[in-house]
Amino acid sequence: MSTVLNTTGRAFEKARAENRAALIGYLPAGFPDLQGSIDAIKVMVEHGCDIIEIGLPYTDPVLDGPTIQAAAQQALDNGIRTKQVLEVVEAVAAFGAPTLVMTYWGPVERYGVEKFAADLAAAGGAGLITPDITPDFGQEWIAAADKHGLDKVFLVAPSSTDERIAMTTAAARGFVYAAAVMGVTGKTAANIDIVAPLVARTKATTTTPVGVGIGVSNGQQAAEIAAHADAVIVGSAFVKTLLEAPDRETGLRNLAALTEDLAAGVRRG
């Protein structure tokens, strides 16, 4: 594993120096439209997100619940494809927050693994989160990511054995994504009695930061997770805020308030 301190690493260093967990925010590229997603993520960065996940809209998600599915479908209907996702990465990276793409493996294969890694790095992206490939089946991506200095974020779950967790963390760079619940995003609240042991088992195998996602939607939940993890990851709550807003201006205002609540939460943890 590389010892290079990349931009994601620097974000975690900054959070540790402030004795807090990092806040990672997710939004699909192209939702509510191309410029709208850039504007919304800018608000998230300005109001407390340390790291940004940009979702690549996909027609057949396995991890995303109905809220993110609705946003992704809207983005697809807007004509958003991988090329536009990389445009969003380039725009968001300029805001100063490390920017990773969260995607299923199919679009990367169709685009070309080496070309995707090269173009993501050229756009200023920090890495890739891949929920549907494990390191033992992701060797082509691992090689391309290492070549271009990109983070490789793989997932562990409450059902993961200690052996699978050790294999996953050995291949990870940037952070390890610990799924707080078994199921899709946005439907079940994280349970600290399940999260804490998973984080402890993961940390026992690595010094790479561990971020917890799925089932976190407010500052109180963020504080509870932050007491155990290095990062709190929020997606559906941000998307829902925009989906339910009566207009764009109200949505951005509510998004700022939610981000500030979550950012305060990771500081109480």
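# Exercises on a predicted model

The model is predicted. Its largest nonpolar core holds 91 residues, and those with the most contacts inside this core are Ile41, Ile52, Ile54, Trp141, Phe175 and Phe238.

**Exercise 1. Which residues does Phe238 contact, leaving aside its neighbours within four places in sequence?**

Solution. 
- Start from the core: Phe238 is among the residues with the most contacts inside it.
- Apply the cut-off: a contact is a pair of heavy atoms within 4.5 Å.
- Phe238 then contacts Gly25, Tyr26, Leu27, Met44, Cys49, Leu255, Leu258, Thr259 and Leu262.
- Place the helix. Helix α11 spans residues 236-244 and lies across β1 (22-28) and β9 (231-234). Its angle to β1 is about 50 degrees.

**Exercise 2. In what order do the nine strands form the open sheet, and which strands are at the edge?**

Solution. 
- The order is β5-β4-β3-β2-β1-β9-β8-β7-β6, with parallel pairing.
- The edge strands are β5 (151-153) and β6 (155-156); each pairs on one side only.
- Check the β5 end. Strand β4 (residues 127-129) runs parallel to β5 and is joined to it by three bridges. Ile129 stands opposite Val153 in β5.

**Exercise 3. Trace strand β8 and its pairing with β7 and β9.**

Solution. 
- Take the side of β7 (residues 176-179). Four bridges join β7 to β8, and the two run parallel. Val176 has Val210 in β8 as its bridge partner.
- Take the side of β9. Three bridges join β8 to β9, again in parallel. Here Gly213 is opposite Ile233 in β9.
- Now look at the two faces of β8 (residues 210-213). Val210 and Val212 point one way, Gly211 and Gly213 the other.
- All four residues are buried.

**Exercise 4. Why does the radius of gyration agree with a compact globule?**

Solution. 
- For 269 residues, a compact globule would have a radius of gyration near 18 Å.
- Compare. The protein has 17 Å, so the value agrees with a compact globule.
- The C-alpha trace spans about 45 × 40 × 30 Å along its principal axes.
- Buried residues are 58% of the 269.
- Of the contacts with a separation of 6 or more, 73% join residues 24 or more positions apart.
- Finish with the surface. The accessible area is about 10,800 Å², and carbon and sulfur atoms account for 51% of it.

Methods:
Residues are numbered from 1 along each chain as its sequence is written. This is a predicted model: local features need pLDDT of at least 70, side-chain atom pairs count only at pLDDT 80 or more; totals for chains, interfaces and linings use all residues. Side-chain values use heavy atoms; hydrogens and water are left out. A nonpolar core is a set of buried Ala, Val, Leu, Ile, Met, Phe, Trp, Tyr and Cys residues joined through side-chain atoms within 4.5 Å. Buried means under 20% relative accessible area, exposed over 50%, partly exposed in between (1.4 Å probe, protein chains only). Two strands pair if DSSP finds at least two bridges between them. Axes are lines fitted to C-alpha atoms, for helices over the stretch in contact, and angles run from 0 to 180 degrees between N-to-C directions. The radius of gyration is taken over C-alpha atoms; the globule rule is 2.2 Å times the number of residues to the power 0.38. Accessible areas come from the Shrake-Rupley method with a 1.4 Å probe; for residues, only the protein chains shown count as cover.
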